[in-house]
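Hi,

Here is the structure I promised to pass on to you. Have a look at it first, and then read my notes below.

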Amino acid sequence: MADADGLRQAAERKGLSFGTAVNITSFRTDPLYRRAVQRECGIVVPENEMKWEYVEPKPGQVTHLGGDEIRDAARADGQRLRGTTLVWHRGMPDWVLAKITRASGERLMRDWIGRIAGRYRGQIESWDTVNEIVDLTGGRSDGLRVTPWLAALGPGYVDLAFHTLREVDPKAAGLWNEDDVCLGADWMEARRTAVLRLLETFLARGVPIRRFGLQSHLNSLVPLDETALRRFLARLAGLGLAVEITELDIDDRAFPADVAARDRAVADLARRYLDVVLDEPAVLNVLTWDIVDMNTWLNESDRRRPDGLPQRSLPLDGAYRRKPLWSAIRDAFAGAPDHGAARARARARAA
Ligand code: G3I
């Protein structure tokens with residue numbers, strides 16, 4: 001593959017899309033960032049600018065500027081667009097939290113989804129319709145996270161979110177986005193089991209879930225269990241779902257401080273993960289959670305490395321140079337089977 005080609009072309013050769021969550025500040029201020037996103041990505045998602053906390057921080061104080069800018073750039077660059085996120089226990093302004101009650105919760109959710117999904121109708125390939133809804137420490141036998149939405153509306157809030165999206169934008173695939181279901185820890189296996197049980201329940205009662213998203217925040221502290229991952233992906237596909245890798249990055253805090261050794265370890269973990277993931281024909285998209293190291297959320301407080309060194313979690317370094325992780329992703333796409341049939345099936349279902 002010519003080096004001029006980016007991960008976009010490497011993915012598209014196999015009927016896949018590669019992309020990233022876009023940081024609005026870098027997008028607006030750094031031409032090298034814009035160029036890197038253009039060169040490497042066939043799909044993008046605004047990191048925060050379609051979330052309620054950004055769109056309407058105070059009642060009636062509405063802005064769609066950031067989401068529109070990223071949408072317009074994606075359109076200009078022929079990139080697909082994802083949306084995040086419709087219903088979540090985070091990413092909402094405090095004034096909304098206070099209004100999620102049994103009496104007004106349904107209208108509040110319908111109104112929000114109607115406005116945000118309505119604004120981008122026909123432009124979004126898939127929406128994170130519900131986000132991070134499993135929490136096995138919450139005490140519920142079904143494993144659903146106890147959130148204001150659950151407290152107000154019961155488990156049916158999930159049905160409401162997906163049915164409302166389908167009414168507002170039938171072309172956008174409703175996706176359940178979940179974290180901590182990708183690695184080999186026993187507690188992650190328990191989460192995978194809860195997810196599959198919930199999916200069977202939701203799908204049996206007609207909830208129009210079209211895709212499942214593995215956020216894929218890989219962690220150097222937790223081993224990869226290729227067999228468990230392969231089994232989980234096959235079970236998701238067996239339920240008729242398409243699959244997306246929605247927020248790939250690697251928390252490198254247990255890897256060496258030495259940059260060359262750390263980059264090799266990060267690339268190795270990502271390659272082993274993607275080799276399993278891309279073996280599953282139902283997988284359509286792989287997105288990283290930003291594309292350049294300096295923007296990673298993993299340098300925030302509770303995920304910082306003990307030695308204080310900045311994390312090297314993403315495909316490009318601070319000078320936008322391609323790292324071993326970039327090559328690992330490129331090679332994983334090169335070694336993958338063709339996914340064109342899966343995309344055709346997903347399009348048929350979304351129509
Ligand atoms: O832009 C405002 C700024 O004007 C204000 O001064 C500042 C202080 O209040 O807040 C800024 O907004 C913050 C925004 O990030 C941009 O920096 C929000 O408060 C903050 O909540 C938001 O955090 C985001 C977080 O999701 C919650 O929405 C992170 O950037 C984003 O990386 C993170 O992404 C999540 C995924 O959506 C779901 N999976 C986990 C992932 C990492 O937490």
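**What I found**

Asp 338 is exposed, with a relative accessible area of 52% (exposed means over 50%, buried under 20% and partly exposed in between, using a 1.4 Å probe and protein chains only). Before we go on, please keep in mind that this is a predicted model, where local features need pLDDT of at least 70, side-chain atom pairs count only at pLDDT 80 or more, and totals for chains, interfaces and linings use all residues. Residues are numbered from 1 along each chain as its sequence is written, and side-chain values use heavy atoms, with hydrogens and water left out.

Back to Asp 338: you will find this residue in the loop between α13 (324-334) and α14 (340-350) (helices are DSSP runs of H or I with at least four residues, strands are runs of E with at least two, and both are numbered from the N terminus). The side chain of Asp 338 comes to 2.7 Å from the backbone nitrogen of Gly 340. Beyond its neighbours within four places in sequence, Asp 338 is in contact (heavy atoms within 4.5 Å) with Arg 13, Lys 14 and Gly 15.

Now compare another aspartate. Is Asp 252 buried or exposed? Asp 252 is buried, with a relative accessible area of 0%. Its place is in the loop between β8 (242-251) and α12 (259-277). Setting aside neighbours within four places in sequence, the contacts of Asp 252 include Arg 262, Arg 305 and Arg 312.

Trp 149, in helix α8 (residues 148-153), is buried too, with a relative accessible area of 1%. Among its contacts, leaving aside neighbours within four places in sequence, are Trp 52, Trp 88, Met 92 and Tyr 157.

For a nitrogen atom of the ligand, a polar side-chain atom of Glu 132 lies at 3.0 Å. Gln 215 also has a polar side-chain atom 3.3 Å from a nitrogen atom of the ligand. Taken alone, the ligand exposes 790 Å², of which the protein buries 51% (areas by the Shrake-Rupley method with a 1.4 Å probe; for residues, only the protein chains shown count as cover).

Enjoy exploring!

Note on methods
A polar contact is a pair of N or O atoms within 3.5 Å; within protein, one must be able to donate a hydrogen and the other to accept it, and residues adjacent in sequence count only if both atoms are side-chain atoms.
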